[in-house]
Structures are given as C-alpha cells and as structure tokens.
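My entries follow in the order I took them.

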Amino acid sequence: METHSSTLNRRYVVGLMSGTSVDGIDASVIEISESLDTKPNVQLIAFENIAFPKAVREEIFTLFDPKQATVDKVGMMNVLLGELYADAALSVIQQAKLTPQDIHAIGSHGQTIYHAPNLQHREGYDLRYTVQIGEGAVIAARTGIPCVSDFRVADMAVGGQGAPLVPFTEYLLYREQNRTILLQNIGGIGNLTVIPAGCTSDEVFALDTGPGNMLIDGVVARITGGDQMMDIGGAIAQKGNVDEDLLELLKQEEYYTLPLPKSTGRELFGSEYVDQVLAYAGKLNLAFEDIVATVTMLTAWSIGDAYRRYVRDRHPADVLFVGGGGSYNHTLMKYLTEEFSVMGIEVLTQEQIGYNSDAKEAVAFALLADYTMARLTNNLPNVTGAERPVIMGKISY
C-alpha cells in the first residue's frame, strides 16, 4: 500500500452508497485531518439516508434480472441515479453546514446491478466483470465537485474479484496492536473482515459470508405481497421457531465451502433463491414466522461458519464488531451473539463502540475516493485476489 510522504491539510470528502438491499442512498460528509501515512483521523460530520422514490426502487429491482435489464433501461437509470446521488450529496453538504466549494471530492459506490467475479474465458481472454450504475459525470456536473465512481473494475482488470472493497478502509480505521478484530457488515450480503493484532495491510483478509438481510427481506416481501419489505427489528422472527430441517437443507449451499477469495451477491441469493427457500418451506408446511426465523438463523450461522472455516485456526479473534442494517435486527443479533459467545468472542454493534452502522460504508467510499484523488493505491490484493495494488475509481470533473 502506497502512502503519503507529507502531511495533507484538513479536507472534507462526501461518500455515497446504495447497497444490495436498495433501501436508499447513504450520504456522509467526513473530515480527514491527518496525513495518510499514519492511522487517519476521520470524523463523521454529517450523515443522511435518503429513500429512493418507490418507482425507482422497483425499477432497480427489475434491472437485477439480466433478461429485463435492456440497454435503454440501464442507460436511463444510470443517468437518473446520477441525478439522485447528486441531490443526496448536496443535501448532506448542506446538513454539514458546508458549501460545495468546501468539498475536496465525492466518492460514489453506485448501485450494483450485476456482479460476475468468477473467471470466464472468451476469445482467449480471462474475463471478470461487474456493473455499477449512477453516472459520476452527472454527479460532478450537478455539484461542481470532482466525483470518483466505478471503483471495482480496476481491481477486476488485474485479476481481482472487485470485492470486498471496504476492508481497505477498515484496516486504516480499526486496526489494533493487541487485539484481533472481526468486522461484520450485514447489508443485503454479509461481509467479514479480519484484522489480525498488529498486522500490516498485507495480512488483512475478508470474504462475503453469504446472505445478510437479503433472504430475510425477500421472504418477508414475498409472503406479505410487498406490504412489508423487511423484518423490522426482527419482530417476525422473534415470534417463530427455527426449523432444523429447513436450516440444514439451506446449509448445503456450495458457496459456504468455496475457497478464498470469494464474493457473492443477488445473482446467487436473489429472487430465484427465495423461490427455492419458499418451495422447501412449503413442503415442510412451515408457518410464516418459522420461515423468517430460520433464514435469520441461517445468516447468523453463515457468519459463524465463515469464522470457523476460514479464520479461527489462523487468527483466533477477540471481538466481533457488527454494522449495517442487520445490526438493528434484534433477533439476528441474539442469534449471532449466541453463535460467537460459545467461542468466547464478544459481539458489539458499531454504535456500542462509538461509530454509526448506517454511515460506515458511505464513510468508506469517501475515504477510498480520497486515496484515488491523491493517486494512491486503495485495494487489498490479499482480500480481492488481485495480482497487484491498483488505484481504483474513475474521476469525473
């Protein structure tokens, strides 16, 4: 990992994120007040979550299906999301009591509509590809601020999976000399980062653990006909019982045993997978609450399984910090705490250690953009499988 050789002045950077759950746009303003060659001093100045208009959210979900994601629909949504991201950036800047002229850069993750990280061979070439939309040129044009977007492709161009990217910033912000830290994000997909005590950036590793909220949300939305889109607070699962037969069947998914590096997304655990879960549950004649409890337990189990399978023997952990929307699901957190307490690992939310679960990934893409603007590498090859460090992100002025 390259570093600055001199101290930079204080600067403000905006981060924008919309994830696989398509809840809305997370927008943050951070202040960076130290050089990047030491642990950076990053302060969250403002944060907003701005819901997508209902029609936009529904259309994004149709774009997850390659058969419906025609080039005209993708092109239109790419520009429309650029407009919505720009509005979100200007809103959070105003909330921070700053002006666009005060902002050094914007980092926008964009909305992933397709991610194909596994190697494919075409015309003698080894190919990996991904599609994130939300046009950076529109964001830059509307705000007057340089915008860094489309981060993943640079990592994939050198053999990486283009994911996960947040471990780079987690290493910068969370590393400790005497404790091995696990960081679990539970968005649509679950992502685990391992930061060994006293490690260098080359020793950090990470993986997608499997479904986070995706199956829970999918089951709830499908069974309620869209009247409910998620299990708020884990209230539905709390009323149900975990069905061991269904859970055991779901544990057989091949993804859980794949070698590292690995990443996944809606391509595997999306609507077709929800169909399979509900078909299995129908054969077992399970109640709604029991299905939700079981897929909630699956998320907790998959996180524990990833730790036992890939981490424990190499780096026994001291603590697990949990962020993302799943950290607000009290039933999921109960299952997760039980899963790790038997291994002697404390489980804490981002809020319990003074951070903001909702803002974490938006903060990460602000920090990644700051590295891009400084022309510094910002991927972790050990995490993504890339052949070498690269500078990720395309800059629009």
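Where does UniProt place the feature "binding site"? The unreviewed entry puts it at Gly19, Thr20, Ser21, Val22, Asp23, Gly24, Ile25 and Asp26. I kept in mind that I am reading a predicted model.

I looked up two of these glycines. Gly19 is found in the loop between β1 (11-17) and β2 (24-32). It has 25% relative accessibility, so I noted Gly19 as partly exposed. Gly24 is in strand β2. Its relative accessibility is 5%, and I therefore put Gly24 down as buried. What touches Gly24, leaving aside its neighbours within four places in sequence? I found Met17, Ser18, Asn49, Ile50, Ala51 and Phe52 in contact with Gly24.

**The five-stranded sheet.** I traced an open sheet of five strands with mixed pairing. The order is β10-β9-β8-β11-β12.

I then checked one pair. β8 (181-186) and β11 (319-323) run parallel and share five bridges. Asn185 stands opposite Gly323 in β11.

Which helices lie across these strands? I logged two. α5 (167-174) lies across β8, β9, β10 and β11, at about 45 degrees to β9. α11 lies across β8, β9 and β10, and runs at about 150 degrees to β10.

**Helix α6.** Is α6 (214-223) mostly covered or mostly open? I noted it as mostly covered, with eight of its ten residues buried. The buried ones are Met214, Leu215, Ile216, Asp217, Gly218, Val219, Val220 and Ala221. The cover includes strands β9 (189-195) and β10 (205-211). It also includes helices α7 (235-239), α9 (266-269), α10 (271-283) and α11 (288-311). After α6 comes Gly225, with a positive phi near 65 degrees.

**Cavity.** How many cavities of 30 Å³ or more does the structure hold? I found one. The largest cavity has a volume of about 30 Å³. Its lining is Pro164, Leu165, Pro167, Phe168, Asn378, Asn379, Leu380, Val383 and Thr384. α5 and α14 (381-384) each supply at least two residues of that lining.

**Cis peptides.** Pro164, one of the lining residues, is joined to Ala163 by a cis peptide bond with omega about -10 degrees. Pro164 is in the loop between α4 (152-157) and α5. I logged another cis bond between Leu260 and Pro261, where omega is about -5 degrees. Pro261 is in the loop between α8 (244-250) and α9.

**Positive phi outside glycine.** I checked Lys97, which has phi near 60 degrees. Lys97 lies in the loop between α2 (71-95) and β4 (103-108). Is Lys97 buried or exposed? With a relative accessible area of 75%, Lys97 is exposed. Asn285 also has a positive phi, about 55 degrees, although it is not a glycine. I placed Asn285 in the loop between α10 and α11. Its relative accessibility is 69%, so Asn285 counts as exposed.

Definitions and conventions. Residues numbered from 1 in each chain as written. Predicted model: local features only at pLDDT ≥ 70, side-chain atom pairs only at ≥ 80, totals over all residues. Heavy atoms only, no water. Buried < 20%, exposed > 50% of the residue type's maximum accessible area, 1.4 Å probe, protein only. Helix = DSSP H or I, 4+ residues; strand = E, 2+ residues; numbered from the N terminus. Contact = heavy atoms within 4.5 Å. Pairing = 2+ DSSP bridges. Axes fitted to C-alpha atoms, helices over the stretch in contact; angles between N-to-C directions. UniProt positions renumbered as here; feature names shortened; annotations may be inferred. 1 Å grid on protein atoms, 1.4 Å probe; cavity = no way out; pocket = protein on both sides within 12 Å on 5 of 7 lines; lining within 4 Å. Points joined across faces, edges and corners; volume = space filled by probe spheres on them.
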